[in-house]
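Here is a friendly note for anyone opening this structure for the first time. Please keep the model open beside the text as you read.

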Amino acid sequence: MSQATPTTDELTQHRLTALKGIEAGLGQDDPTAAICAKLQAQYPNHLALVQAGKFLHGYDRTAYALHILKKYRLKLVGTASEPYIRVGFPLGNYQRRLWPMVDQFGIPYVVALGTQASGHTIYVTDLPSGNSSILAAATDDVIAQVINDLRQHQQINQAATKQLLTQPDTAGFQFKAKTQDLDTLITQDLLKMPSDLRSTYGENLRTTMARITRAAMAYGLEDNKPALLRQVSADVDMLKHYITQAQRLNGLKAFNFEDRARSAVELGRLVGGLINALTAKVRP
């Protein structure tokens with residue numbers, strides 16, 4: 001089966017910039033990677049992507065090509081013995097997101113939509129591969145080097161986080177500081193929104209961010225810090241959900257989706273680290 005090709009006028013009006021990849025980390029197996037590897041082997045000159053929930057994921061060669069050509073953010077996923085690099089973006093409107101790869105670089109794509117339970121339907125662009133050298137350049141050695149670089153970067157970040165969490169005063173300060181920074185950014189976004197969106201969509205952002213900010217201010221004197229942080233973790237997940245909605249709402253084109261999502265993810269990672277550190281202290 002093949003997808004319809006967007007018209008020139010549609011492409012001109014709907015150019016999309018790359019969204020940075022979905023946050024994930026090394027440590028658990030990624031079953032979608034095996035499906036994508038089979039798809040990539042069957043279509044070696046195409047970008048290969050597979051549906052995973054509400055997102056499309058591409059691995060290794062495809063991930064590297066999208067990172068180099070469109071600045072998609074690489075993430076290290078999989079297990080320690082079988083790591084992958086991955087990019088991801090929301091499934092909605094994926095044709096317009098991928099068409100610039102065909103239009104600008106001459107690289108076609110193949111997409112597997114569906115689930116493992118119900119089976120996947122394959123969609124392939126009806127174009128010859130005009131620039132297969134770009135994918136060919138992503139050799140196994142290149143991918144291995146990228147994985148090694150990301151591993152080293154991850155180890156540095158983990159060491160920095162561990163050092164932070166061993167100093168409760170510093171950790172509490174960082175929690176409050178990151179929350180205040182994100183609250184300021186969200187407030188600036190709210191002021192720029194059209195009044196109808198500010199009173200509906202913006203209100204969800206405002207109330208969720210207000211709960212997170214209040215918790216950050218109460219954290220220092222809170223007796224049951226783990227319980228407080230679990231509530232914050234849930235609110236951060238809600239905030240990320242609302243932020244991802246911005247790209248689908250008319251009138252929010254100026255909303256800095258990538259930067260706000262990254263800040264929310266960083267805050268969530270810090271909160272998760274604090275929860276783990278605090279609960280570890282009370283375990284027998």
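The numbered points below go through the cores, the aromatic pairs, a helix and a hairpin.

1. **Before you start.** This is a predicted model, in which local features need pLDDT of at least 70 and side-chain atom pairs count only at pLDDT 80 or more, while totals for chains, interfaces and linings use all residues. Residues are numbered from 1 along each chain as its sequence is written, and side-chain values use heavy atoms, with hydrogens and water left out.

2. **The largest core.** A nonpolar core here is a set of buried Ala, Val, Leu, Ile, Met, Phe, Trp, Tyr and Cys residues joined through side-chain atoms within 4.5 Å. Buried is taken as under 20% relative accessible area, exposed as over 50% and partly exposed as in between, using a 1.4 Å probe and protein chains only. The largest such core has 29 residues, and Phe175, Tyr201, Leu205, Leu229 and Leu239 have the most contacts inside it. At least two of its residues come from each of α7 (168-192), α9 (201-218), α10 (225-245) and α11 (257-282). Helices (H or I, at least four residues) and strands (E, at least two) are DSSP runs, numbered from the N terminus.

3. **Leu229 and a second core.** Leaving aside residues up to four places away in sequence, Leu229 touches Phe175, Tyr219, Val271, Leu274, Ile275 and Leu278; contact means heavy atoms within 4.5 Å. There is also a second, separate core of 28 residues, which includes Tyr94, Ile107, Ala138 and Ile147.

4. **Tyr59 with Tyr84.** The whole structure holds four aromatic pairs. Rings of Phe, Tyr and Trp (its six-membered ring) pair if their centres lie within 6.5 Å; planes under 30 degrees apart are stacked, over 60 edge-to-face and the rest tilted. The ring centres of Tyr59 and Tyr84 are 6.1 Å apart with planes at 80°, so this pair is edge-to-face. It links distant parts of the chain, with Tyr59 in strand β2 (residues 55-59) and Tyr84 in strand β4 (residues 83-90), 25 residues apart. Tyr59 is buried at a relative accessible area of 4%, and Tyr84 is buried at 11%.

5. **Tyr94 with Tyr109.** This aromatic pair is edge-to-face, at 6.5 Å centre to centre and 80° between the planes. Tyr94 belongs to helix α4 (residues 94-105) and Tyr109 to strand β5 (residues 109-115), 15 residues apart. Tyr94 is buried, with a relative accessible area of 7%, and Tyr109 is buried at 1%.

6. **Helix α4.** How far apart are the end C-alpha atoms of α4? They are 17 Å apart, which agrees with the 16 Å that its 12 residues should span at 1.5 Å a residue; the expected span is 1.5 Å times one less than the number of residues. The buried residues of α4 are Tyr94, Arg97, Leu98, Trp99, Pro100, Met101 and Val102. Val102 has a relative accessible area of 10%, and its C-alpha atom is 9.8 Å from that of Leu47, 55 residues away along the chain. Just after α4, Gly106 takes a positive phi of about 70°.

7. **The β3-β4 hairpin.** Strands pair if DSSP finds at least two bridges between them. β3 and β4 pair in the antiparallel sense over four bridges, and a hairpin of four residues joins β3 to β4. Leu76 stands opposite Ile85 in β4. Both faces of β3 (residues 75-78) are covered, with Lys75 and Val77 buried on one side and Leu76 and Gly78 buried on the other.
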